[in-house]
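Take a look at the model first, then read on.

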Amino acid sequence: MPLDDLSGPAWFNYTASGDQIVWSAALRAMLGHPPAQDEVSRKVLARYVHRDDHAKALGAITQAWTARVPVRVTVRLMRADGGWFDVDCRIEPVKSPDGTVRGIRGTVTDVSARERARREMARLARRGETVQASLVDPDPATGLLTRARFADEIDRAQRRGGGAILIIRVQPAREDAAGTRPELSADLLHRAARVLEGVVQEGALLGRVGTSEIGLLLGGTSWPTARREAELLVQALRSQTFVLPDTWLRAQAWGGLVRFTPDAEAGSHEVLIDAEHAWRESRDADRPVTFVAHPVPVRDRQGSYRSRVADALGTDRFTLYAQPILELQTNAVTRHELLLRVLDESDGPQSPTQVLDIAERLDAVYDIDLWVVERAMQLAAGQPGMCLQINLSGRSVGDPRLTEEVERLIERYDVDPAQLTFEITETALIGNLSEARRFADRVRDLGCELALDDFGSGYASFRYLRIFPIDLVKIDGEYVVDLVANPQDQVLVRALVQVCQAYGIHTVAEFVQDEPTLRLLRELGVDYVQGYLIGRPAPLLPGRLPSP
C-alpha cells in the first residue's frame, strides 16, 4: 500500500472465512506500526483495544453482526508505545449475496481531543461533588466560627497589625444554675452569641472557642478602645435576661482581654491560651474583665497550664467513659475504647479536644496520658478477658518515660498485656519518631497491641503503617457516616480495607449509626465497628465497664 495512503481514512475489514483482518495504513500508523505490517487475527486486534473497553467493543461487534445494522461505539485503542487514544468507530455488517453476514467493516476516527475534554468535565464535576465546599463551616450550636477557624483569623489579623482578643465565659447565674442541664447551657451560649452579634463593632469576628466560651477578635483596634469594648460586652451579657425555650435566666460572664502585636512571638494559639487564663482570673477575683497588655512569657504560660493540669488531676476534674466495639465475625462486643472527658464547672462532662490540644502545645499532656493509662490498668485488672483501647497523644508516645511507666504499671496491677491496645492518634504529630518506635516495639514485645486512630484524616497515614508495627487501624468516621449514600467514600473505605489486609492489619470503622451502614461494612471486609448503633460512650462504673 502506498505511503500516501497514510493520510487516507482509517479502517479495517474482518472476514469470517479465514478469520482475517485487513486494515488501512492510516490505522496502522495511528497504532504506531510501520505501514507494511499486517495483522491477521481477531485475537491480535483485541490486543489493541483498551482492556477496560473490551466488553464495549465486543458488544458493538455482536450487535452489528446479529442485528445486521450499523453500530457506533467510542473506545480507546492502544499504541505500540503503551499510550492510548480515543476513537469513534462505525461498525457495519458485510453481507453475502444471500443476505448472510460474512464480515464487518469498521471506520475509525480519532476523537481524543473531544473525549479528553469530556473526561475533564466529568472529573471536575466529581471533584465539585466530593470536595468540601468551604473550610469556614460554622459551629453547629452557635453559628459562630469554630475555634480552629477563629485561630486562623487571629493569625491573619496579626500579620496585618495589632489588635486584641477577648474571650468571654458565659454560664447560668448561681441562682439559676441548680439542676442546669447541658442543653440549657448550650441554649444560653446560642442566645449570648446573638446578643454579642448585635452590639459588637463593625468588622469584629466572633467564634466559639470553648464549651461555654465566645471569642471576639478586635483586629486593628487600639488598646484603650479594646478595653472599653470588653467591659461593655461583659456588662451587656450580665445585665441581659435570656429567654430560653423552657425557661428564662440571667447569666454570669467573665472576660479575658489580651493585646497582640505583629512582632510578638506569641501566635494565635498562645494568645487564646492567655485569654482563657485571663477570664479564669476574672472569675477567681470576681471582676468582669482581666486585661493582659502583653502576651505571657512562654515559660510562665507553660507553668500556669501545667499547674491547671495538676489541679484538675488532683481534684478529679477528669473522668473516663467507655464505648463498645463490635467484632463482626462473632457479633460480640470484644473491646471497649476508653474516652477521656473533662468535667466542666457548669456543663458536666465535655470532650477533651481543646484541653489536650493546648496541653500538647505546652508540653503538659504526659501527665494526662499517664493518668488515663493507670486507670485503664486498674480496670483491666478487675475485668480479665476484656480488651481496652487506650488513646495516647503523639507527644507522649515520643516521650522516653512512657515505656518504663507502662511496664511498671502492668507489673504493679498484674494485668494481662493482651487486654491492652494503645491507640496513636493519626492526626497527631509524633514528637520523637525513634522513641515512639521504641515504645511501639516494647509494648508489642510485652504482648500489647498497637492501633492507629483516625486513619485517613491526618499527616502520615500510610507512612505510619510502615514505621510502626500496627495491629489495628481505625478508619476515620468522616468516611463512614455517609457511606451508604456516598460512592466516593465506598471506594476509599474499600481501598483502605484492602491496604490493611495486604499489610496484615485489622480494621475498625467508626461512626456506625445504622443497619445499612453496618451491612455494607461487612461486605467491604471490615473487622470491627464502633458507633451509636453499637453503643454510646457511657461513664465507667466503679471498677468495671458499663453494661451494654
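In this predicted model, asparagine 13 has arginine 105 of β5 as its bridge partner. Strands β1 (residues 10-15) and β5 (residues 101-110) pair in the antiparallel sense, over six bridges. Two strands count as paired if DSSP finds at least two bridges between them.

**How to read the values**
- Residues are numbered from 1 along each chain as its sequence is written, and side-chain values use heavy atoms, with hydrogens and water left out.
- Local features need pLDDT of at least 70, side-chain atom pairs count only at pLDDT 80 or more, and totals for chains, interfaces and linings use all residues.
- Helices (H or I, at least four residues) and strands (E, at least two) are DSSP runs, numbered from the N terminus.

**The sheet**
- Five strands make an open, antiparallel sheet in the order β2-β1-β5-β4-β3.
- β2 (20-23) and β3 (71-78) are the edges; each has a single partner strand, so one side of each lacks a neighbour in the sheet.
- Neighbouring strands are turned by 25° against each other on average, direction ignored.

**The helix across it**
- Helix α3 (residues 54-67) lies across β1, β3, β4 (84-95) and β5.
- α3 runs at about 145° to β3; axes are lines fitted to C-alpha atoms, for helices over the stretch in contact, and angles run from 0 to 180 degrees between N-to-C directions.

**Aspartate 53**
- Aspartate 53 sits in the loop between α2 (42-46) and α3.
- Aspartate 53 is buried, at 6% relative accessible area (buried means under 20%, exposed over 50%, partly exposed in between, with a 1.4 Å probe and protein chains only).
- Aspartate 53 touches Val75 and Arg76, leaving out residues up to four places away in sequence (contact means heavy atoms within 4.5 Å).
- The aspartate 53 side chain reaches the backbone nitrogen of arginine 76 at 2.8 Å.

Technical notes:
A polar contact is a pair of N or O atoms within 3.5 Å; within protein, one must be able to donate a hydrogen and the other to accept it, and residues adjacent in sequence count only if both atoms are side-chain atoms.
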